[in-house]
Amino acid sequence: VQLVESGGGLVQAGGSLRLSCAASGLTFSDANLGWYRQAPGKQRELVAHISSGGSTNYADSVKGRFTISRDNGKDTVYLQMNSLKVEDTADYYCNAKIMFTYWGQGTQVIVSS
């Protein structure tokens, strides 16, 4: 199984980024998917989750600003991040759960003031 994130970068506060995570080696449509982030010196935390059935949930800190979605035809999960804040700066990781848990290598997001 391989998960490859992309779309991170440097953005000013108030801006937007769209992260993508392309999966291979698993039955993507059966997987529960999540985006996590880890800021320097902090624990990794769940940002958003989407079930195999399409149900979503979000961390309180990103509700109304971030949207998780999936395209089962492209085996890809997305995280649309709007109204970015400096405190959103972190490494963002894609996660897939289907019997086992798999992680991508992460993509860095830096939000400048």
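Q: What makes Cys21 and Cys94 a disulfide?
A: In this predicted model, the sulfur atoms of Cys21 and Cys94 are 2.2 Å apart, and a pair of cysteine sulfur atoms counts as a disulfide within 2.5 Å, so the two residues form a disulfide. By this rule the count comes to 1 disulfide.

Q: Which parts of the chain does the pair of Cys21 and Cys94 link?
A: The pair links distant parts of the chain, with Cys21 in strand 3 (residues 17–24) and Cys94 in strand 9, 73 residues apart. The link has an angle of -80° about the S-S bond and is left-handed.

Q: Why is Cys21 called buried?
A: Cys21 has a relative accessibility of 1%, and buried means under 20%, so Cys21 counts as buried. Cys94, at 1% relative accessibility, counts as buried too.

Q: Why is the pair of Tyr36 and Trp103 called edge-to-face?
A: The structure holds 1 aromatic pair. The ring centres of Tyr36 and Trp103 lie 4.9 Å apart, and rings pair if their centres lie within 6.5 Å; their planes stand at 65°, and planes over 60 degrees apart count as edge-to-face, so that is the name this pair receives. The pair links distant parts of the chain, since Tyr36 belongs to strand 4 (residues 32–38) and Trp103 to strand 10 (residues 100–103), 67 residues apart.

Q: How do you know that the charged end of Arg70 sits over the ring of Phe28?
A: The charged end of Arg70 is 5.1 Å from the centre of the Phe28 ring, and the distance part of the rule asks for CZ of Arg within 6 Å of the ring centre; Arg70 is listed as sitting over that ring. Likewise, Arg44 lies over the face of Tyr93, at 3.7 Å from the ring centre.

Q: What makes the phi of Met99 worth a remark?
A: Most residues other than glycine have a negative phi. Met99 is not a glycine, although its phi is positive, at about 65°. Met99 lies in the loop between strand 9 (90–98) and strand 10, and its relative accessibility of 82% is over 50%, so Met99 counts as exposed.

Key: Residues are numbered from 1 along each chain as its sequence is written. This is a predicted model: local features need pLDDT of at least 70, side-chain atom pairs count only at pLDDT 80 or more; totals for chains, interfaces and linings use all residues. Side-chain values use heavy atoms; hydrogens and water are left out. Rings of Phe, Tyr and Trp (its six-membered ring) pair if their centres lie within 6.5 Å; planes under 30 degrees apart count as stacked, over 60 as edge-to-face and the rest as tilted. Helices (H or I, at least four residues) and strands (E, at least two) are DSSP runs, numbered from the N terminus. A charge sits over a ring if NZ of Lys or CZ of Arg is within 6 Å of the ring centre and within 35 degrees of the ring normal. Buried means under 20% relative accessible area, exposed over 50%, partly exposed in between (1.4 Å probe, protein chains only).
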